[in-house]
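Dear colleague,

Please find the structure below, handed over for your study. My findings follow it, and I would be grateful if you read them with the structure open beside you.

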Amino acid sequence: MSAFGDSGLRIQFGETISPKTNQRIRSFAVLLEQEKLHGILEWIPTYTALSIVYDPYVISYAELEQFVLDLKEKMTRINLPKADVVHIPTCYGGDKGPDLAQVADHNGLTEEEVVKIHSGTNYLIYMMGFTPGFPYLGGMSKKIATPRLTVPRPKIAPGSVGIAGEQTGIYSMETPGGWQIIGRTPLKLYDPDRDPPILLKAGNYVRFHPVSEEEYKDILETVRNGTFHPHVEPYREEEDGCAG
């Protein structure tokens with residue numbers, strides 16, 4: 001544990017990105033939610049750590065530190081909610097995936113092979129950031145890993161599916177960005193008028209489902225009128241594909 005500014009505490013759960021570290025962070029976050037300690041304002045999970053923001057006028061750093069130590073003793077007894085797999089319809093290539101050809105060329109593959117590999121596994125949602133609803137996903141095959149763009153784009157459309165190094169993710173809002181864009185989903189990952197506003201949740205999984213341009217348009221229309229609901233199924237580890 002270490003201080004996180006003048007009103008925060010950072011707890012390190014591992015040194016590398018891994019499902020085991022993620023499980024420990026999720027377990028601790030569940031306990032924080034259950035305990036509801038007065039004075040804790042929020043907590044921020046990341047790949048390898050969790051930071052707590054607290055009100056120093058309500059609880060001292062020393063008191064919070066002891067609370068964290070006590071809570072960590074309970075972690076092995078927590079039962080995490082079972083994970084779901086959210087299917088993300090994605091139109092690959094064309095104007096929705098302008099960098100698909102670059103990713104294929106960089107890895108000596110065809111565009112069809114990139115799509116097959118990218119959509120062939122379940123991706124663990126490790127954490128949410130850098131905008132509301134943006135999922136950082138783990139499990140992408142190294143076969144399609146591609147460096148970021150040398151010059152970032154000033155605008156990336158919401159729903160854009162990108163690759164940066166060995167990571168893949170989905171832009172939830174229109175923002176600048178340097179990820180290689182290989183496709184786009186018509187789903188809204190963030191909608192302030194929806195309850196809850198964020199579609200995905202850390203600890204669950206996503207699986208990309210290739211759709212045609214026409215299917216994309218049809219789904220987009222149902223998303224706009226509020227009648228589309230993504231396919232969700234229980235996560236089964238034994239059925240997960242290999243992302244090596």
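Which residue in strand 4 is the bridge partner of Pro45? The partner of Pro45 is Leu50. Please bear in mind throughout that this is a predicted model.

The sheet

A hairpin of three residues leads from strand 3 to strand 4. Further along this pair, Glu42 is found opposite Val53 of strand 4. Strand 4 is also joined, again by five bridges and in the antiparallel sense, to strand 2 (residues 8-12); there, Arg10 has Ser51 as its bridge partner. In general, the strands of a sheet pair through backbone hydrogen bonds, in either a parallel or an antiparallel manner.

Taken together, four strands form an open sheet with antiparallel pairing, in the order 1-2-4-3. Strand 1 (2-3) and strand 3 are the edge strands; each has a single partner strand, so one side of each has no neighbour in the sheet.

Strand 4 itself

Is strand 4 (residues 49-54) mostly covered or uncovered? Strand 4 is mostly covered, with six of its six residues buried. Side chains in a regular strand alternate between the two faces of the sheet. In strand 4, Ala49, Ser51 and Val53 are buried on one side, and Leu50, Ile52 and Tyr54 are buried on the other.

Helix 1 lies across strand 2, strand 3 and strand 4, and runs at about 25 degrees to strand 4. Helix 2 also packs on the sheet, where it touches strand 1, strand 2, strand 3 and strand 4, and its direction makes about 30 degrees with that of strand 2.

The helices meet each other as well. The axes of helix 1 (residues 19-35) and helix 2 (residues 61-73) come within 10 Å and cross at roughly 115 degrees, and the crossing is right-handed. Phe28, Leu31, Leu32 and Glu35 of helix 1 meet Phe67, Val68, Leu71 and Lys72 of helix 2. Of the residues in this contact, six are nonpolar, none is polar and two are charged.

A buried serine

Ser172 sits in the loop between strand 10 (167-170) and strand 11 (175-177). Ser172 counts as buried because its relative accessibility is 7%, the cut-off being under 20%. Its side chain makes a polar contact with the side chain of Thr131 (2.8 Å). Residues that Ser172 touches include Pro132, Phe134 and Tyr190.

With kind regards

Note on methods: Residues are numbered from 1 along each chain as its sequence is written. This is a predicted model: local features need pLDDT of at least 70, side-chain atom pairs count only at pLDDT 80 or more; totals for chains, interfaces and linings use all residues. Side-chain values use heavy atoms; hydrogens and water are left out. Helices (H or I, at least four residues) and strands (E, at least two) are DSSP runs, numbered from the N terminus. Buried means under 20% relative accessible area, exposed over 50%, partly exposed in between (1.4 Å probe, protein chains only). A polar contact is a pair of N or O atoms within 3.5 Å; within protein, one must be able to donate a hydrogen and the other to accept it, and residues adjacent in sequence count only if both atoms are side-chain atoms. Contact means heavy atoms within 4.5 Å. Axes are lines fitted to C-alpha atoms, for helices over the stretch in contact, and angles run from 0 to 180 degrees between N-to-C directions. A crossing is left-handed if the near helix is turned anticlockwise from the far one by less than a right angle, and right-handed if clockwise. Ala, Val, Leu, Ile, Met, Phe, Trp, Tyr, Cys and Pro count as nonpolar, Asp, Glu, Lys and Arg as charged, and the others, Gly among them, as polar. Two strands pair if DSSP finds at least two bridges between them. Lists of a residue's contacts leave out its neighbours within four places in sequence.
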